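Let's look at how two parts of one protein chain meet. Have the model open while you read the questions and answers.

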Amino acid sequence: MADQMSSPVPALSAILPTYARADVAFARGDGCWLEATDGSRYLDFGAGIAVCCLGHGHPHLVDALIEQGRKLWHVSNLFRIPQAEELARRLVEASFADYVFFTNSGAEALEGAIKTARKYHAAGGHPERFRLVTFEGAFHGRTLATIAAGGNPKYIEGFGPKVEGFDPVPFGDIEAVMDAITPETAGVLVEPIQGEGGIRVPPASFLRALRALCDERGILLVLDEVQSGMGRTGRLFAHELFGVIPDILATAKGIGGGFPLGAFMTTREAGRGMGVGAHGTTYGGNPLAMACGNAVLDVVLAPGFLDDVALKGLDLKQRLAALQDAHPQIIAEIRGEGMMLGIRTHVPNTEFAVAARAQHMLVIPAGDNVVRLLPPLIAGHDEFAEAIARLGRACQHLEADLPAKGNGSPS
Ligand SMILES: *Cc1c(COP(=O)(O)O)cnc(C)c1O
């Protein structure tokens with residue numbers, strides 16, 4: 001018992017304590033709303049970090065899951081999986097890609113994308129070209145390679161030698177990219193809009209300049225659209241907003257609507273090294289996951305859905321701008337595209353998120369002192385009005401706690 005008492009681990013549960021969790025648990029969800037175990041309701045503008053793109057309990061997804069669940073869950077990739085071939089065909093038809101590989105998470109999708117970029121050059125007789133230029137403030141996942149790619153020292157330190165081959169430069173700095181490219185460079189790995197970094201949107205010219213630079217130097221443009229993809233910005237993928245076509249792309253989060261699913265996608269040319277035996281996964285693309293992925297696409301690719309997301313995103317952004325006007329001491333800036341929006345706050349962003357939660361509204365802290373608003377893509381005017389009202393009350397509470405103006409003394 002003495003051992004337990006002196007343990008540095010809070011005795012909240014037997015879950016390895018790698019998260020500072022809020023002391024709330026949810027029992028059910030419906031659309032944009034979550035019901036906590038105490039029966040109280042929360043407006044969910046986090047959507048499980050951009051995962052529940054169609055909200056909670058979407059009837060089409062629930063039906064697809066149950067129907068497939070009765071038939072067949074898993075078979076392995078030693079056999080053809082018609083549902084996976086179908087989803088891959090639809091993703092290819094709707095995008096730049098020729099091939100898709102399904103994974104179970106974003107980090108795995110990135111691992112596959114990184115391997116594909118390296119193998120492209122190896123297959124072309126240049127195995128020494130394995131490095132990727134990456135960006136400060138990036139986030140690519142928590143595996144050994146993706147923490148190295150993300151470059152955040154907090155995630156890297158203590159886990160042994162950092163995986164070689166990632167050269168970070170400031171986000172948006174094309175000159176720095178030019179300087180970082182060497183004869184060992186395989187490509188550039190970039191989020192079109194940085195998510196965890198704080199909804200940082202680069203100028204459109206940046207991604208176009210990256211594309212031109214990659215073409216000029218014979219290297220690959222690899223996009224991480226794990227967060228920005230699957231309709232989040234009002235386009236199926238955010239790079240479409242910038243008029244740029246990648247060679248390789250990783251996506252996840254929204255693609256399964258809540259079922260663990262990711263994918264990397266490649267052109268035929270960029271994927272030239274990935275033949276039989278080059279990569280594998282036990283679960284990736286199994287029938288149950290594919291039923292969910294296909295059901296998500298049914299909705300996201302239905303005529304008008306993405307245009308509607310773009311319009312609703314503008315509406316929400318305008319409402320947030322008005323909220324900023326009303327609370328300039330709390331809100332510093334509104335940014336983002338579509339329904340991938342960020343509020344940069346003057347108060348610590350974590351305090352803002354706690355104040356919002358006290359109003360039973362969920363938002364998600366990110367880098368650069370930003371809180372993210374990533375509502376289900378089905379959210380509309382009613383949910384926006386409710387969100388603005390709740391965030392307004394959160395701002396009022398935060399204002400009441402600010403030190404009195406023009407008075408140096410705290411009391
Ligand atoms: C969430 C995220 C990842 C990692 O996805 P996991 O499913 O947590 O492994 C990678 N890249 C970006 C941009 C993300 O937002």
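Q: How many salt bridges are there between domain 1 and domain 2?
A: This is a predicted model, where local features need pLDDT of at least 70, side-chain atom pairs count only at pLDDT 80 or more, and totals for chains, interfaces and linings use all residues. Residues are numbered from 1 along each chain as its sequence is written, and side-chain values use heavy atoms, with hydrogens and water left out. A salt bridge here is a side-chain nitrogen of Lys or Arg within 4 Å of a carboxyl oxygen of Asp or Glu. Between domain 1 and domain 2, the count is 1 salt bridge.

Q: Which residue forms a salt bridge with Arg 372?
A: Look for the closest N and O atoms of the pair, 2.9 Å apart. The partner of Arg 372 is Glu 196.

Q: Where does the chain divide into domains?
A: The bounds come from an automatic or database domain assignment. Domain 2 is 72-300, while domain 1 comes in two pieces, 2-57 + 305-405.

Q: How many residues does domain 2 bring to the contact?
A: Contact means heavy atoms within 4.5 Å. Domain 1 puts in 27 residues, and domain 2 puts in 25 residues.

Q: What area do domain 1 and domain 2 bury between them?
A: Buried area is the accessible area (1.4 Å probe) that two parts lose on being put together, summed over both. Carbon and sulfur atoms carry 66% of it. Leu 306, Glu 337 and Met 340 supply 31% of what domain 1 buries against domain 2. The area for the two domains is about 2,100 Å².
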